[in-house]
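Subject: Structure handover

Hello,

Here is the structure for your files. Please open it first, then read the notes below.

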Number of protein chains: 2
Amino acid sequence: MARSGYFHGDLRRALLDAGLEAAREAGPEGVSVRELARVVGVSPSAVYRHFASHDDLRSALALRAQSMVADAMDAEIAAVPSADARAWANGAIGAVGIAYVRFAWAEPGLFRLAFRAHGDLEAAHDERARGAGGRTPYEQLERALDALEREGELSPRERAGAEALAWSAVHGFAVLTVEGPLRSLDRGTREALAARIVAMVRLGLSQLEDSGR
Amino acid sequence: MARSGYFHGDLRRALLDAGLEAAREAGPEGVSVRELARVVGVSPSAVYRHFASHDDLRSALALRAQSMVADAMDAEIAAVPSADARAWANGAIGAVGIAYVRFAWAEPGLFRLAFRAHGDLEAAHDERARGAGGRTPYEQLERALDALEREGELSPRERAGAEALAWSAVHGFAVLTVEGPLRSLDRGTREALAARIVAMVRLGLSQLEDSGR
DNA sequence: CGCTAATGTGAACGCTGTTCACACACACTG
DNA sequence: CAGTGTGTGTGAACAGCGTTCACATTAGCG
């Protein structure tokens, strides 16, 4: 880095690293073109050789943050006993949700960056949002829901749109506890509520067949 | 307005009106001190006679937007048959949720303004966030949940923290459909999912007593 | 070895929030 | 009725932002 004194060498990567660090400490608002340039020791206009715009930079950072969420999910899922496939499926959907909110609490700045204004649904499958396990957070959720359907825990009718239900509840909870009115809840209450949230999701996913409606 | 040519007469109100209009068309980002001053025909610094800062202005606007949400909830609740108290309670909690997401869809800019970074929980009871019916959106939710408990539909243990569960699911869904990856869902799918969301919430609220856990 | 293409610089533009000394006009007091 | 104080608006200024452009530098290819 800063090899020749004039050329940086790996500016794009350096900007992304600095951007993640800035977001970690100050949230998405802390990520400014000029600030990152300053940190990396380069002129503001140099940034535009690697990113088309401020928004472009932040999108790239968001994808990297999403891949970190995917990693956190992998770690949480790995702790689910995999002997019984049905039990695993039920455990996996919970693990995905818990990992999501725990990441939000551990890294509020990165979380807000990752899911501020996500792109459309195509972005849910963006290559760059995949974690080391090869899946994006959204794909982790899909995987758990697929497993539930495979085990007969979810009917095809229930499976449809299940992502929206699960994601809504967990994302909403994460947002409210990270930057919303629930942000000053103590750790214990937060964890207890999180457990109820994932239980609610699991219950709500099966609403179509269980009730004789 | 612009009475004497020098003094405006009712600048504070004019700024709030212009701010709501700007947010309606361009979201919270469209609300800038200079832009509002321009629209109202006043110098930028005049704004600071009525609002301590940009953030202060936006907070005031957010509260006004929240009161509009409260009004929308009143309208939706009014349509719930009130003959049977138990049925009303179950209907009211659904109406609150539906009104919330419908408002978000009808006025995405105002919705994002209203619930961007809400204050802490005290702000949930702010005078200025009350609608014509005298309740803030949060208080509307509390009212419906209280009714459910009164009718024996919710145990005291379930009642505790119920706001967090309900709000999380509905808010998350609203956010994902307004500015998130679910934003390009067609109206029909959106409505169907919304119905499943409120059903999930109603089911999830009672999880503690129903299951023999 | 020389040229090209990639990558960096620095100044500039227009925008933003915010502050300051100053100007105005109304509402009260003597 | 005169005068004055206080609330409200002005205009210029500062610092910071994203972005662009002409120009400088240099790595690497033919």
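Helices (H or I, at least four residues) and strands (E, at least two) are DSSP runs, numbered from the N terminus.

Before the details, a note on the source. This is a predicted model: local features need pLDDT of at least 70, side-chain atom pairs count only at pLDDT 80 or more, and totals for chains, interfaces and linings use all residues. Residues are numbered from 1 along each chain as its sequence is written, while chains are lettered from A and ligands numbered from 1 in the order in which they are written.

Chain A overall

The C-alpha atoms of chain A fill a box of roughly 70 × 35 × 30 Å along the principal axes. Chain A has 213 residues, and 42% of them count as buried. Buried means 20 or more other C-beta atoms within 10 Å of the residue's own; exposed means 12 or fewer, and partly exposed lies in between, with C-beta atoms placed from the backbone. Among contacts in chain A with a separation of 6 or more, 68% join residues 24 or more positions apart. Two residues are in contact if their C-beta atoms, placed from the backbone, lie within 7 Å.

One residue to look at is A:Ser59, in helix H3 (residues 54-78) of chain A. A:Ser59 counts as buried because it has 20 C-beta neighbours inside 10 Å. Its C-alpha atom is 9.9 Å from that of A:Phe115, 56 residues away along the chain.

Chain A with chain B

The contact takes 32 residues from each of chain A and chain B. On the chain A side, helix H8 (162-178) and helix H9 (187-205) are the elements that give two or more residues. H8(A) gives the most, with 10 residues. By class, this side of chain A has 18 nonpolar, 10 polar and 4 charged residues. Ala, Val, Leu, Ile, Met, Phe, Trp, Tyr, Cys and Pro count as nonpolar, Asp, Glu, Lys and Arg as charged, and the others, Gly among them, as polar.

The DNA

Near means a C-beta atom, placed from the backbone, within 6 Å of the molecule or strand. There are 21 residues around DNA strand C; A:His8, A:Ser43, A:Ser45, B:Ser32 and B:Ser45 come nearest. Helix H2 (residues 33-40) of chain B gives the most to that surface, with 3 residues.

Around DNA strand D there are 22 residues, and A:Ser32, A:His54, B:His8, B:Ser43 and B:Ser45 come nearest. Here helix H2 (residues 33-40) of chain A gives the most, with 3 residues.

Best wishes
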